[in-house]
Amino acid sequence: MRVPRLSLPQSLADRLALIVFAAASLVSLFTFNDYGLGWDDFTHSQYGDLLYSYFASGLTHTRVFSFVNLYYYGGGFDLAASALSKMLPVDVFDVRRLLGAVVGLGGVLIVWRLARRVGGPVCGFVALCLLLICPLYYGHMFMNAKDAPFAVAVALLIYSMARALDEYPSPSWRTAAIFGISLGLAVGTRVLGVITVAYAGFALMLLATLEWRRLGFKAMAGRLGQCLALMALGLPLAYFTLGIVWPWAVVDPLNPMKALAYYAHFWEVPWRELYEGRPILVPDMPRTYVPTLFAVQMPELFLALGVAGTAGALVGALFGSAAPTRRAQYMLLAAAALFPILLTVVERPVMYNGIRHFVFITPAFAVLGGLAASWAWTWLARQHRAVRAAAAAVFVGGIAVPAFELAQLHPYQYTYYNHIVGGVKGADEKFMLDYWGLAFKQAAAELDEYVDEHRRSLPQGRKFRVAVCGPHRAAAVELGPRFETTYETLGADFALMLGEFYCADVQAPVIAKVERDGVVYARVYDTRGRSFPSVFAGGQ
């Protein structure tokens with residue numbers, strides 16, 4: 001199906017997309033080092049080193065297969081970061097942040113190509129812009145070693161499926177190869193990657209139904225079988241890729257099933273997180289958790305276009321007049337955006353850390369938002385110039401406002417909340433904000449400056465003891481060698497506390513404070529000569 005030429009020249013939409021991407025790349029290059037370490041960074045860096053040792057030893061150093069519970073995940077990102085840190089004279093955590101930016105930007109390009117293929121240049125440009133202002137995607141790509149790379153792998157997998165539908169019933173060897181690599185990366189990053197089978201299943205069921213009516217059962221079955229057989233040629237490549245990024249999965253072919261069984265039951269002692277103003281045990285989160293957080297954490301334009309595009313794609317898939325393969329692509333994208341959310345509402349699994357586990361649905365929503373914008377532009381092309389100008393102004397404002405707000409939150413973009421809930425100030429008493437503990441980087445730097453300025457009045461001949469409420473290993477890395485972290489409050493020189501509800505409000509002088517929009521993300525207290533019962537609120 002040819003996309004109609006609009007009043008906005010196609011080449012201009014492509015050029016605008018590349019300009020925006022280049023600008024985002026420059027911003028990422030100059031800011032990647034601003035992002036602090038989170039709860040999992042230190043452990044994931046160790047996992048990467050063990051994976052590197054496993055391959056460097058000729059597959060004989062197998063300690064990686066018993067390292068905490070991380071062997072139930074793939075570690076391709078961690079392996080790549082470890083390998084690069086050994087080749088470059090750069091700290092491993094700087095490498096991890098830069099690599100996160102590169103992988104995330106690669107995902108932006110994939111989304112642009114996918115949207116352009118499905119909806120044309122305007123769709124591609126809008127999808128690219130929407131993904132870049134999505135705090136769940138942009139905010140996590142620098143520091144989330146699991147969910148952000150998984151989102152990129154899933155986006156590439158959806159792209160391969162969309163290509164296959166364009167080439168149906170004879171996908172090219174390139175398409176089969178992309179499918180194989182992306183499938184291996186998706187499952188090898190999170191075993192949840194198998195969920196993408198459902199996306200393809202919905203699309204192929206629709207396509208088979210449409211072709212059965214048009215061509216008859218025998219012809220439909222032959223064409224479907226031909227496509228599946230050619231795509232299956234990518235499966236050996238998928239297994240090879242899986243073995244690289246998640247070697248535990250191929251040591252025993254049943255290991256992926258063991259991982260699925262492991263994650264089917266919550267494996268930790270339950271804790272409480274703030275949701276709608278109440279501390280709730282994570283296994284008891286209501287079914288509204290994901291839809292609610294998605295509604296209040298996405299920028300308004302992203303929400304409006306994403307929801308409109310999803311509805312339009314479903315209508316177009318089920319009742320439209322486009323070619324059957326195009327309708328199947330619409331179903332593929334709608335399933336990729338909606339199915340994980342609906343599954344969560346029905347199954348009600350353990351939910352925590354906001355919606356970081358759902359970064360992987362944002363690329364599909366961005367593409368659907370691009371489709372909605374493309375359809376709107378087709379209609380606007382027939383309207384008066386003033387109407388088109390007003391619509392363009394609304395789009396520019398809808399992109400610029402959240403982009404500015406994300407810049408104001410830097411480097412805590414992932415804590416963004418939209419105007420529906422009143423921004424981070426309105427969300428502070430209702431939801432979790434800096435649950436990763438990224439603010440410890442800035443707080444630790446300010447504590448370091450305080451110690452330099454007041455060295456003479458501080459204890460001599462020993463490390464400074466810092467009572468920490470938050471990720472201890474991340475705090476230890478950020479603080480450096482002249483500090484030691486502890487949960488014990490007795491005898492602590494300082495207290496480093498996240499601004500979350502579970503951390504104590506210490507009655508001591510505040511010597512450093514990390515704030516955004518009037519909300520405290522972290523505090524440092526001078527606790528010398530003062531006692532307090534616990535680093536946790538309520539003396540827990």
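This is a predicted model: local features need pLDDT of at least 70, side-chain atom pairs count only at pLDDT 80 or more; totals for chains, interfaces and linings use all residues.
I took a salt bridge to be a side-chain nitrogen of Lys or Arg within 4 Å of a carboxyl oxygen of Asp or Glu. Residues are numbered from 1 along each chain as its sequence is written, and side-chain values use heavy atoms, with hydrogens and water left out.

**Entry 1, salt bridges.** I looked up the count under this rule and found 19 salt bridges.

I then turned to Arg-223 and Glu-211, whose side chains meet in a salt bridge with an N to O distance of 2.9 Å. Because Arg-223 lies in helix α10 (residues 217-232) and Glu-211 in helix α9 (residues 196-215), the pair ties together parts that are 12 residues apart in sequence; helices here are DSSP runs of H or I with at least four residues, strands are runs of E with at least two, and both are numbered from the N terminus. For burial I used relative accessible area with a 1.4 Å probe and protein chains only, where buried means under 20%, exposed over 50%, and partly exposed in between. Glu-211 is buried at 1%, whereas Arg-223 is partly exposed at 25%.

Next I checked Arg-96 and Asp-41, which form a salt bridge at 3.4 Å, N to O. Arg-96 belongs to helix α4 (residues 92-119) and Asp-41 to helix α2 (residues 41-56), so this pair ties together parts that are 55 residues apart in sequence. Arg-96 counts as buried at 2% relative accessibility, and Asp-41 counts as buried at 4%.

I also noted Asp-252 and Lys-258, whose closest N and O atoms are 3.5 Å apart in a salt bridge. Asp-252 is partly exposed at 24%, and Lys-258 is partly exposed at 43%. Elsewhere, salt bridges that share partners join Asp-41, Asp-78, Arg-96 and Arg-97 into one network.

**Entry 2, the sheet.** I followed an open sheet of five strands, ordered β4-β3-β5-β7-β6 with mixed pairing, where two strands pair if DSSP finds at least two bridges between them. Because β4 (483-486) and β6 (510-516) stand at the edges with a single partner strand each, one side of each is left without a neighbour in the sheet.

Within the sheet I picked out β3 (residues 464-469) and β5 (residues 494-498), which run parallel and are joined by four bridges. On this pair I located Val-468, which stands opposite Leu-496 in β5.
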